[in-house]
Amino acid sequence: MSSSFRSPAGAAATLFSSDQKIRLGRLDVLRSSHSAFLGRRNPRGVVSVHPSSSSSSPSPIQAVSSPSKPEAATKRSKVEIIKEKSNFIRYPLNEELLTEAPNVNESAVQLIKFHGSYQQYNREERGGRSYSFMLRTKNPSGKVPNQLYLTMDDLADEFGIGTLRLTTRQTFQLHGVLKQNLKTVMSSIIKNMGSTLGACGDLNRNVLAPAAPYVMKDYLFAQETADNIAALLSPQSGFTTICGLMGSTRNDNSHGTNFVDSPEPIYGTQFLPRKFKVAVTVPTDNSVDLLTNDIGVVVVSDENGEPQGFNLYVGGGMGRTHRMESTFARLAEPLGYVPKEDILYAVKAIVVTQREHGRRDDRKYSRMKYLVSSWGIEKFKDVVEQYYGKKFEPSRELPEWEFKSYLGWHEQGDGAWFCGLHVDSGRVGGIMKKTLREVIEKYKIDVRITPNQNIVLCDIKTEWKRPITTVLAQAGLLQPEFVDPLNQTAMACPAFPLCPLAITEAERGIPSILKRVRAMFEKVGLEYDESVVIRVTGCPNGCARPYMAELGLVGDGPNSYQVWLGGTPNQTQIARSFMDKVKVHDLEKVFEPLFYHWKVDRQTKESFGEFTTRMGFEKLKELIDTYKGGPQ
């Protein structure tokens with residue numbers, strides 16, 4: 001049975017005026033002092049070469065296709081100009097880090113993201129800003145060697161706020177690092193098998209893959225592919241080039257994809273228009289929220305379980321802006337199939353298409369989802385194929401998707417076990433942090449972070465299971481049968497007090513919200529093991545992927561949320577905006593009638609998200625307005 005991926009009505013609505021829809025976003029940049037020059041074919045087969053020059057009227061190096069009217073000035077966002085002048089993401093960051101000030105200037109704020117850090121301040125403090133930095137690691141497939149975990153644990157205590165945060169992209173976030181400690185913390189991470197490079201900024205972010213350490217051909221191949229894609233798309237300037245397969249693929253310019261003789265052959269001086277996200281998985285396993293990524297990659301195996309190639313999906317993304325209908329969350333859609341030996345070339349072709357044609361004038365529309373939406377999938381495929389040098393084959397049929405949490409004990413397939421542990425909102429602190437460290441250090445365990453903000457302990461011997469289970473339970477790290485099903489699938493972003501974009505609470509607010517939902521379940525007669533996927537974010541940027549939830553809460557004012565309904569438990573259908581400005585103290589007025597009628601009126605095995613979609617929003621609002629109270 002082939003999978004069905006559904007988007008809301010109007011999700012592919014026209015974003016641009018008729019003249020904008022065909023526009024091939026141009027970067028008039030780079031009167032650069034570097035010796036790099038661009039020599040590559042555009043989709044019409046024309047090679048444009050613009051050498052840099054030190055003459056009084058140098059020819060600009062163009063990072064993307066020439067516009068139809070060369071005389072017209074092309075608008076660029078402020079960040080594009082900062083990148084152009086930065087000497088490959090160095091200046092003025094290198095100077096700003098040497099000053100005595102506790103913060104860095106506006107240009108350096110943008111550039112430090114490429115090195116894995118955001119400048120923040122405590123928004124609840126009065127009388128001045130107390131600046132610090134959040135550091136994010138890059139861990140393809142969520143893999144964390146024992147040595148790196150212990151280092152991150154130490155750094156959190158010595159230079160952070162005493163906690164570690166597991167993210168929805170399988171990485172660590174370390175909050176509260178002071179500017180004067182940045183280099184020490186970053187170098188410690190690098191020296192202990194980690195990296196922060198490219199964890200933020202306008203380039204490929206951490207590549208997701210299933211966190212389960214199964215010794216199965218398809219899982220191992222998915223994780224190997226995630227590692228290879230991460231290596232291919234890692235920034236190169238100022239860093240050692242990775243040799244072998246990634247180096248040859250990266251430097252191959254047979255289809256005009258590269259900036260010739262540039263320190264950044266794929267990215268150039270401008271990198272990408274916005275952040276770029278990739279996930280790799282195997283059939284049925286949607287633990288990675290595959291369709292929310294710019295590129296989704298699915299291993300396709302033969303009847304003997306041997307990986308043969310990949311189905312590709314493109315154009316997913318979560319971020320949007322309140323009250324701007326031209327911005328939207330979007331599901332990725334099928335692009336086609338490639339044999340396994342071509343995957344890196346196909347991924348590179350997709351990235352280059354976004355680099356060349358993604359909008360750089362307005363960052364609200366710079367994600368690849370807007371390019372795919374405005375062009376349509378067929379035009380997008382045509383352009384990608386010219387950079388790829390081949391036609392995509394038809395996508396292979398796949399079974400239905402499932403969300404897999406990997407909580408609890410599981411056999412790896414090599415005689416060892418792994419144990420998935422639920423961590424509320426991914427926040428590791430207090431006795432939980434102390435106990436995790438003791439177990440990981442004592443048994444020399446490697447770990448993995450899941451896309452659902454949980455942690456997996458790997459390679460555990462059978463005789464270790466009982467003592468590990470006991471000591472973890474004493475610290476509140478329970479087996480899944482003792483964790484509320486609502487908590488097991490819930491997610492929240494950090495929001496207040498450190499996120500500069502937060503409008504209201506998320507991580508600090510979700511524990512109370514989940515308890516109130518559980519109380520409503522009990523009131524209307526829903527069973528304990530019945531659950532709803534709930535995700536909460538403090539703003540509309542979508543870090544916790546609320547638009548895929550059955551019940552999403554998106555901050556739209558102080559103590560106020562926009563309510564989204566209609567996602568599915570396996571994350572294959574996008575939710576829709578149901579109600580605005582619902583105050584946190586009024587959640588019962590909206591939720592309780594919906595839960596009651598789900599219990600009474602649902603079809604066999606119908607999830608809450610499926611129920612809300614079938615009923616329609618007008619009917620649901622009528623049920624809320626006429627609700628008199630369910631059974632006690």
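Reader: Which residues in H15 meet Leu 587, Glu 588, Phe 591, Glu 592, Phe 595, Tyr 596, Trp 598 and Lys 599 in H16?

Author: The model is a predicted one. By class, this contact of H15 with H16 holds 10 nonpolar, no polar and 5 charged residues. On the H15 side the residues are Ile 513, Arg 516, Val 517, Met 520, Phe 521, Lys 523 and Val 524.

Reader: How are H15 and H16 oriented to each other?

Author: H15 covers residues 510-524 and H16 covers residues 587-601, and their axes are 9 Å apart. The two helices pack at an angle of about 45 degrees, and their crossing is right-handed. Angles of 65 to 115 degrees count as roughly perpendicular and those under 35 as roughly parallel; H15 and H16 are therefore oblique.

Reader: How far apart are the end C-alpha atoms of helix H11?

Author: Helix H11 runs over residues 377-388, which makes 12 residues. At 1.5 Å a residue, H11 should span 16 Å. The distance between its end C-alpha atoms agrees with that: 16 Å.

Reader: Which residue follows H11?

Author: The buried residues of H11 include Tyr 387 and Tyr 388. After H11 comes a residue with a positive phi, near 85 degrees. That residue is Gly 389.

Reader: Which residues in H9 does H7 meet?

Author: H7 (residues 217-232) and H9 (residues 343-357) pack at about 45 degrees, with axes 10 Å apart. H7 passes H9 in a right-handed crossing. The contact divides into 5 nonpolar, 2 polar and 1 charged residues. Thr 225, Asn 228, Ile 229 and Leu 232 in H7 meet, in H9, Ile 343, Leu 344, Val 347 and Lys 348.

Definitions and conventions. Residues are numbered from 1 along each chain as its sequence is written. This is a predicted model: local features need pLDDT of at least 70, side-chain atom pairs count only at pLDDT 80 or more; totals for chains, interfaces and linings use all residues. Side-chain values use heavy atoms; hydrogens and water are left out. Axes are lines fitted to C-alpha atoms, for helices over the stretch in contact, and angles run from 0 to 180 degrees between N-to-C directions. Helices (H or I, at least four residues) and strands (E, at least two) are DSSP runs, numbered from the N terminus. Angles under 35 degrees count as roughly parallel, over 145 as roughly antiparallel, 65 to 115 as roughly perpendicular and the rest as oblique. A crossing is left-handed if the near helix is turned anticlockwise from the far one by less than a right angle, and right-handed if clockwise. Contact means heavy atoms within 4.5 Å. Ala, Val, Leu, Ile, Met, Phe, Trp, Tyr, Cys and Pro count as nonpolar, Asp, Glu, Lys and Arg as charged, and the others, Gly among them, as polar. The expected span of a helix is 1.5 Å times one less than its number of residues. Buried means under 20% relative accessible area, exposed over 50%, partly exposed in between (1.4 Å probe, protein chains only).
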